[in-house]
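Please find my notes on this model below. They cover cores, helix packing, ring pairs and a few loop residues.

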Amino acid sequence: MWSSTWKIASVILPLIALTNARLPDGRLHANSPRPPTVPVITADDLPVTDITGAALPPLNTTYIFEQLIDHTNPSLGTFQQRYWTTWQWYETGGPIILFTPGEANAAPYTGYLTNVTINGQIAQQEHGATIVLEHRYYGLSNPYPDLSVKSLKFHTIQQAVDDLEYFSKNVKLPMPGGDKVSITTTPWVLVGGSYSGALTSWTMVNKPNLFKAGYASSAVVEAIIDYWGYFEPIRQFMPKNCSADVEAVIAHVDSVFTSGSKTQINQLKALFGWQNLTHLDDAAGSLRNNLWDWQSLSPDSGPGSLFFNFCDALEVKNGVSASASGWGLDHALQAWGSYWTTTYYPLRVMKLVFYRKVPL
Ligand SMILES: *[C@@H]1O[C@H](CO)[C@@H](O)[C@H](O)[C@H]1NC(C)=O
Ligand SMILES: *[C@@H]1O[C@H](CO)[C@@H](O)[C@H](O)[C@H]1NC(C)=O
Ligand SMILES: *[C@@H]1O[C@H](CO)[C@@H](O)[C@H](O)[C@H]1NC(C)=O
Ligand SMILES: *[C@@H]1O[C@H](CO)[C@@H](O)[C@H](O)[C@H]1NC(C)=O
């Protein structure tokens, strides 16, 4: 019935990027929001032991749970949902700490079993076990081997919430006594970040008596379609010269694309290698990429991070940095176009190698 023999596995980046527009040669164009996933943390390949010192399976050991395809119609059967777990700190009666990275292949997220994350910190303090559960439709946890409309019918928030309930009520964990720690008898804690943080909040509201506690980080509980306010703190707090020049370039691009001549539009497109883009909003929108990279900065980020490389490309001319007012439109436009075509765009195209079709 499910005729396609191909499934899409996204190895690093979330599936959402696959839906973005492509150039005629099939390459992703760069007008794609920064992946909002939970940061990937992969556990070191170190031997783990339980509290008695007995050796445990490596953290990357993959377990399978038979999950219902449709929680409103169990007769549709099950699919194989992947999970990872450790009982390094577990003592009988301890809680189970459940986490899903959400919209990503969960295999590289084994760090979320360990105490480098809040999940493991809770488990260590409370003598609990940790689980990383792959979200339906990501990685290899797919109800159906294709992404047809018919298959995607079961890709809903409610089904994802119900997955957490069904998993926590029915899983038989591989640890000793793991068949006796269902959420009906044992306290479970749900942890999530970004989308999975929102999923955590929604689960706590939707199923108020299920999880003993929820820990939601950066939970995106409100959908905002035209979210211009996202860029406002970036505009204000990025280096002043870079901010001034970015504003100048964006105002120029808006002006040319809305009221320029065909020649002016084509010249501007050529500067950024946008010749193959049909829709001018795709072209203009792609400039947001460099600003999205702000989100990857942390208080100790400095030179060498992608965002600052971008500002350096615009603001450093012959070894000299622009003053707070920037170099102005002419230089900034050329410098941004050049950075885009020679550095940034090739970086994004390279990321395509992380997508592949794998035969089932
Ligand atoms: C536009 O598409 C053609 C055909 O796929 C390709 O050869 C060319 O390199 C593309 N141009 C740019 C600027 O990406
Ligand atoms: C786990 O990691 C080890 C060491 O890196 C590797 O040899 C093994 O294939 C991995 N197992 C899985 C299931 O990925
Ligand atoms: C994390 O767990 C490891 C292994 O059990 C332990 O050696 C280390 O002290 C723990 N770190 C913290 C910060 O608790
Ligand atoms: C100007 O740009 C340089 C290079 O990116 C940066 O190091 C510097 O902090 C900026 N100065 C101001 C005043 O914005």
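**Notes on the predicted model**

1. Tyr339 is buried, at a relative accessible area of 6%. Buried means under 20% relative accessible area, exposed over 50%, and partly exposed in between, using a 1.4 Å probe and protein chains only. Phe310 also counts as buried, because its relative accessibility is 1%.

2. A word on conventions. This is a predicted model, where local features need pLDDT of at least 70 and side-chain atom pairs count only at pLDDT 80 or more, while totals for chains, interfaces and linings use all residues. Residues are numbered from 1 along each chain as its sequence is written, chains are lettered from A and ligands numbered from 1 in the order in which they are written, and side-chain values use heavy atoms, with hydrogens and water left out.

3. Overall make-up. The chain has eleven helices and ten strands. These are DSSP runs numbered from the N terminus: helices are H or I with at least four residues, strands are E with at least two. Of the 360 residues in the chain, 46% are buried. Take the contacts between residues at least 6 apart in sequence: 68% of them join residues at least 24 apart. Contact means heavy atoms within 4.5 Å.

4. The cores. The largest nonpolar core has 44 residues. Such a core is a set of buried Ala, Val, Leu, Ile, Met, Phe, Trp, Tyr and Cys residues joined through side-chain atoms within 4.5 Å. Tyr83, Ile96, Leu98, Phe167 and Trp188 have the most contacts inside the largest one. At least two of its residues come from each of strands E2 (63-68), E3 (78-86), E4 (96-99), E5 (129-133) and E6 (188-193), and likewise from each of helices H1 (118-126), H3 (157-170) and H4 (195-206). A second, separate core has 27 residues, including Val253, Phe272, Trp274 and Tyr339.

5. How do H3 and H4 cross? Their axes come within 10 Å, at an angle of roughly 75°. Axes are lines fitted to C-alpha atoms, for helices over the stretch in contact, and angles run from 0 to 180 degrees between N-to-C directions. The two helices are therefore roughly perpendicular to each other. The angle classes are roughly parallel under 35 degrees, roughly antiparallel over 145, roughly perpendicular from 65 to 115, and oblique for the rest. H3 contributes Ile157, Gln158, Ala160, Val161 and Leu164 to the contact, and H4 contributes Tyr195, Leu199, Trp202, Thr203 and Asn206. By class, the contact of H3 with H4 has seven nonpolar, three polar and no charged residues. Here Ala, Val, Leu, Ile, Met, Phe, Trp, Tyr, Cys and Pro count as nonpolar, Asp, Glu, Lys and Arg as charged, and the others, Gly among them, as polar.

6. H6 (residues 240-259) and H10 cross at roughly 75°, with axes that come within 9 Å. That makes H6 roughly perpendicular to H10. Asn241, Cys242, Asp245 and Val246 of H6 meet Phe310, Cys311, Leu314 and Glu315 of H10. This contact has five nonpolar, one polar and two charged residues.

7. Ring pairs. The structure holds 21 aromatic pairs. Rings of Phe, Tyr and Trp (its six-membered ring) pair if their centres lie within 6.5 Å; planes under 30 degrees apart count as stacked, over 60 as edge-to-face and the rest as tilted. Tyr83 and Phe167 have ring centres 5.2 Å apart and planes at 80°, so the pair is edge-to-face. Tyr83 lies in E3 and Phe167 in H3, so the pair ties together parts 84 residues apart in sequence. Both residues are buried.

8. Phe310 and Tyr339 make a tilted pair, because their ring centres are 5.9 Å apart and their planes at 50°. Phe310 is in helix H10 (residues 306-315) and Tyr339 in helix H11 (residues 329-351), so this pair ties together parts 29 residues apart in sequence. Ring pairs link both into a cluster whose members include Phe257, Phe272, Trp274, Trp294 and Trp336.

9. Two backbone points to check. Tyr137 is not a glycine, yet has a positive phi of about 80°. Tyr137 lies in the loop between E5 and helix H2 (149-152), and counts as buried at 1% relative accessibility. Asn318 also has a positive phi, near 50°. Asn318 lies in the loop between strands E8 (316-317) and E9 (320-321), and is exposed, with a relative accessible area of 77%.
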